[in-house]
Amino acid sequence: MAGPALNIALKVDEKDNVSTIFSNNSTAGSEVTVRDKKGHTQVITLLSSVPYGHKIAIRDIKKGEHIIKYGESIGAATVDIPCGEYVHVHNMEALRGRGDL
């Protein structure tokens, strides 16, 4: 059995389906402890490496579903994104600042 997760991610809003990583060693297969402001934690195994300050899916996100960060939609999934996957431009489309919505 693996030891406690040393990598930390923060979930800011209850609606969030992504969390921001605050660790430098967040590599594929490592565990991340996701913490919310109520003190709840969730341990997730990363499916790929994630840079400091970037997002991970904290639950499965279906293609077309909104990516929610800080309680607000920041984009939509362009593919199904499994829990623990890195969420960035390769699997989401930004919806903010486009001027066409």
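Entry 1: I began with β1 and β2, which a hairpin joins through 6 residues. The model I am reading is a predicted one. I looked up the pairing of strand β1 (residues 7–11) with β2 and found it antiparallel, over 2 bridges. Ala9 stands opposite Ile21 in β2.

**Entry 2: the sheet.** I then followed β2 to β5: these two strands pair in the antiparallel sense over 3 bridges. In β5, Ala57 is the bridge partner of Val18. I next took strand β5 (residues 55–57) across to β8 and noted 2 bridges, again with the antiparallel sense. Lys55 stands opposite Val87 in β8. I wrote down the whole order as β4-β3-β1-β2-β5-β8, an open sheet of 6 strands with mixed pairing. Its edge strands are β4 (41–45) and β8 (86–87), each of which pairs on one side only.

Entry 3: I looked up β6 (residues 66–69) and β7 (residues 72–77), which pair in the antiparallel sense over 4 bridges. Lys69 has Glu72 in β7 as its bridge partner. The hairpin that β6 and β7 form has 2 residues between the strands, and Tyr70 in the turn has a positive phi of about 60°.

**Entry 4: the cores.** I listed the largest nonpolar core, which has 10 residues: Ala9, Ile21, Val32, Val34, Ile44, Leu46, Val50, Ile56, Ile58 and Tyr86. I then recorded that another core, of 9 residues, lies apart from it, with Ile74, Ile81, Val87 and Met92 among its members. Returning to Ile21, I set aside its neighbours within four places in sequence and found contacts that include Ala9, Val32, Leu46, Val50 and Ile56. Tyr52 is also among the residues in contact with Ile21, and I turned to Tyr52 next.

**Entry 5: the aromatic pair.** I found 1 aromatic pair in the structure. Phe22 and Tyr52 form this pair, edge-to-face, at 5.8 Å centre to centre and with 85° between the planes. The pair links distant parts of the chain, 30 residues apart: Phe22 is in the loop between β2 (18–21) and β3 (31–36), and Tyr52 in the loop between β4 and β5. I checked the exposure of both rings' residues. Phe22 is partly exposed, with a relative accessible area of 37%. Tyr52 also counts as partly exposed, at 47% relative accessibility.

Technical notes
Residues are numbered from 1 along each chain as its sequence is written. This is a predicted model: local features need pLDDT of at least 70, side-chain atom pairs count only at pLDDT 80 or more; totals for chains, interfaces and linings use all residues. Side-chain values use heavy atoms; hydrogens and water are left out. Two strands pair if DSSP finds at least two bridges between them. Rings of Phe, Tyr and Trp (its six-membered ring) pair if their centres lie within 6.5 Å; planes under 30 degrees apart count as stacked, over 60 as edge-to-face and the rest as tilted. Buried means under 20% relative accessible area, exposed over 50%, partly exposed in between (1.4 Å probe, protein chains only). A nonpolar core is a set of buried Ala, Val, Leu, Ile, Met, Phe, Trp, Tyr and Cys residues joined through side-chain atoms within 4.5 Å. Contact means heavy atoms within 4.5 Å.
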